[in-house]
Amino acid sequence: MTLLNEMQLEFPSKSSNEAFARVVVAAFASQLDLTLDELADIKTAVSEAVTNCIIHAYEGTTGKIRIHSKLFDNKIEIVVQDWGVGIKDIEQARQPLWTSKPELDRSGMGFTIMENFMDELHVTSVPGETTIVTMIKNFEKK
Amino acid sequence: MAGTLKIYKDKIIVNLKGELDHHMATILKTQLKEAMDKHNIKKLLFNFKDVTFMDSSGIGMILGRYKELQPIGGKIGVMNMNNRVKKIFDMSGLLSVITYIENEQEFIETF
């Protein structure tokens, strides 16, 4: 496993940045020769993580979202961090179709999609301080 | 514009366009709600032909409309989903309560 490249991105929690964030990470990932499906998986997972920060962590207020990504010859690691309200019960939040905000048209599928489209998903949170979502996708050695 | 709406009596065809994420879903919801209230809409058809990206916010937006239409006997159809969009629909289980429609004609005449 060799570290090939690394990047960090910070932006405010505006919904117009959802597209920006997923396109940046996909562009970074495409330094490896990935398939369109692999890139779409990454784009979708990043979109879910960033949307969670905007809707849940900051609940309509504006805060900072940071993405830190490392590209290896056989995998990509993407860490999405916010400094919002945090998640009290992570196990419940990760349940498919469970949502704290059904009135906002949320499907409760965010973490399920991250889990399905990536190979690893780790969520840690300190309520009132920060939430860190780490996602890893493995590739055949390029 | 997150999509264009075509209204036929109590039905709307929503031609979605671009990337259906939380940002676009919010715009579309407002646009749709206004038209649905004004025309007493009971049936919606979402056409995914020009959708290049969708995440769970797309499912949430459709689920939200389903919850509004269900009590008044309304229903929802979808058409032209690509494999990526279909994959997310399959994960959500939403296809058990909405209908796959072949073409606009079918929606307008028999749905």
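Begin the tour by selecting B:Asp21 and A:Arg22, which are both buried (buried means under 20% relative accessible area, exposed over 50%, and partly exposed in between, with a 1.4 Å probe and protein chains only). The model is predicted: local features need pLDDT of at least 70, side-chain atom pairs count only at pLDDT 80 or more, and totals for chains, interfaces and linings use all residues. Residues are numbered from 1 along each chain as its sequence is written, chains are lettered from A and ligands numbered from 1 in the order in which they are written, and side-chain values use heavy atoms, with hydrogens and water left out.

**The salt bridges**

Remain with this pair. B:Asp21 forms a salt bridge with A:Arg22, and their closest N and O atoms are 2.9 Å apart; the term denotes a side-chain nitrogen of Lys or Arg within 4 Å of a carboxyl oxygen of Asp or Glu. B:Asp21 lies in the loop between strand 2 (11–20) and helix 1 of chain B, and A:Arg22 in helix 1 (residues 17–29) of chain A, so the pair joins two chains. Helices (H or I, at least four residues) and strands (E, at least two) are DSSP runs, numbered from the N terminus.

Next, select A:Lys101 and A:Glu59, whose side chains meet in a salt bridge with an N to O distance of 3.0 Å. A:Lys101 is in the loop between helix 3 (90–93) and helix 4 (110–117) of chain A, while A:Glu59 is in the loop between helix 2 (36–57) and strand 2 (64–72) of chain A, so the pair ties together parts that are 42 residues apart in sequence. A:Lys101 is buried, at 13% relative accessible area, whereas A:Glu59 is partly exposed, at 45%.

Then move to B:Glu104 and B:Lys6, where a further salt bridge is found (3.1 Å, N to O). B:Glu104 belongs to helix 4 (residues 104–110) of chain B and B:Lys6 to strand 1 (residues 3–8) of chain B; the pair links distant parts of the chain, 98 residues apart. Both partners are partly exposed, B:Glu104 with a relative accessible area of 22% and B:Lys6 with 31%.

To see a network, select A:Asp37, A:Asp41, A:Lys137, B:Arg84 and B:Lys87, which are joined by salt bridges that share partners. Over all chains, the count comes to 16 salt bridges.

**Two helices of chain B**

Now display helix 1 (residues 22–38) and helix 2 (residues 56–69) of chain B, which pack at an angle of about 20 degrees with their axes 9 Å apart. Axes are lines fitted to C-alpha atoms, for helices over the stretch in contact, and angles run from 0 to 180 degrees between N-to-C directions. The angle makes helix 1 of chain B roughly parallel to helix 2 of chain B (roughly parallel applies to angles under 35 degrees).

Select A:Thr134 in strand 5 (residues 130–138) of chain A. A:Thr134 is buried, with a relative accessible area of 16%. Leaving aside neighbours within four places in sequence, A:Thr134 is in contact with A:Glu77, A:Ile78, A:Val79, A:Glu120, A:Leu121 and A:His122.

Proceed to A:Leu97, in the loop between helix 3 and helix 4 of chain A. The phi of A:Leu97 is near 70 degrees, a positive value in a residue other than glycine.

Finish at B:Asn80, in the loop between strand 4 (75–79) and helix 3 (83–92) of chain B. B:Asn80 is not a glycine, although its phi is positive, at about 60 degrees. B:Asn80 counts as partly exposed, at 32% relative accessibility.

Technical notes
Angles under 35 degrees count as roughly parallel, over 145 as roughly antiparallel, 65 to 115 as roughly perpendicular and the rest as oblique. Contact means heavy atoms within 4.5 Å.
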